[in-house]
Amino acid sequence: MTDPAASRDFGRVLAAEGVSNFGSMLSRLAIPWIAALSLAATPWQMGWLLVADVAAAALGGLLLGGVVDRAGKRGVMVAADLARAALLGAVAWAAWQGVLVFSALLLAAAAAGVLTLVFELARSAWLAQRGSAEALAAQNAKLSAVASLSETAAFALGGWLFQWLGAVVALAVDAL
């Protein structure tokens, strides 16, 4: 027998995962798009954007895993998403105002990578702590399916959104 409250909580996390992952994938498209179109980034700079995202997340995992483990998981997930939204909103605002510089975009890519990792660490720990051992495999499968669908949708729709709205507006919408 499943606990209705736990089932409802998992449903919320599942929906949040879909929205959050969709936004994260749009950001991974929008940041390089802004670098290329607004800042005329070189191929080396484009490579550094990717390195910043991945390296910051890897280093963040080493340094923040214990912190996330000791904190309230739901609060960490909400805080990571709000911080990521504020960060992306600031990047969109700076690009719209014409004051965005590559170094700030590089830092934003690194911070977005860390915040995404923090969200995922908290979500994984929350799921393991909150759900039953019997339901864990099925819940992980559902989360993976939602993540795959939202990632596919983000990459499929991202180019259309960026062309229709422009990368800066699309990033602002992602922040919202």
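1. Start with Arg-123. Setting aside neighbours within four places in sequence, Arg-123 is in contact (heavy atoms within 4.5 Å) with Val-13, Glu-17, Met-77 and Leu-143. Arg-123 is found in helix α4. Helices here are DSSP runs of H or I, at least four residues long, numbered from the N terminus. At 13% relative accessibility, Arg-123 counts as buried, a term that means under 20% relative accessible area, with exposed over 50% and partly exposed in between (1.4 Å probe, protein chains only).

2. A word on the basis. This is a predicted model, in which local features need pLDDT of at least 70 and side-chain atom pairs count only at pLDDT 80 or more, while totals for chains, interfaces and linings use all residues. Residues are numbered from 1 along each chain as its sequence is written, and side-chain values use heavy atoms, with hydrogens and water left out.

3. Axes are lines fitted to C-alpha atoms, for helices over the stretch in contact, and angles run from 0 to 180 degrees between N-to-C directions.

4. Which residues make the contact of α4 with α5? From α4 come Arg-123, Leu-127 and Ala-128; from α5 come Leu-136, Gln-139, Asn-140 and Leu-143. They divide into 4 nonpolar, 2 polar and 1 charged. Ala, Val, Leu, Ile, Met, Phe, Trp, Tyr, Cys and Pro count as nonpolar, Asp, Glu, Lys and Arg as charged, and the others, Gly among them, as polar.

5. Now α3 and α6. Their axes come within 8 Å and cross at roughly 155°. α3 and α6 are therefore roughly antiparallel to each other. This crossing is left-handed. On the α3 side are Ala-85, Leu-88, Gly-89, Val-91, Ala-92, Ala-95 and Trp-96, which meet Val-168, Leu-171, Ala-172, Asp-174 and Ala-175 in α6.

6. Leu-161, Phe-162 and Leu-165 in α5 touch Ala-167, Val-169, Ala-170 and Val-173 in α6. This contact has 7 nonpolar residues, no polar and no charged.

7. The largest nonpolar core has 28 residues, and Ile-31, Ile-34, Leu-49, Val-91, Leu-100, Leu-105 and Leu-171 touch the most other members. Such a core is a set of buried Ala, Val, Leu, Ile, Met, Phe, Trp, Tyr and Cys residues joined through side-chain atoms within 4.5 Å. Two or more residues come from each of α1 (4-38), α3 (73-97), α4 (102-130), α5 and α6. Ile-34 touches Leu-39, Ala-95, Leu-100, Leu-105, Ala-167, Val-168 and Leu-171, not counting residues up to four places away in sequence. A second, separate core of 16 residues includes Met-77, Ala-80, Val-114 and Trp-126.

8. Last, Met-25 in helix α1. Is Met-25 buried or exposed? Met-25 is buried, with a relative accessible area of 7%. Met-25 touches Glu-151, Ala-154 and Phe-155, residues up to four places away in sequence not being counted.

Terms used: Parallel < 35°, antiparallel > 145°, perpendicular 65-115°, else oblique. Left-handed = near helix turned anticlockwise from the far one by under 90°.
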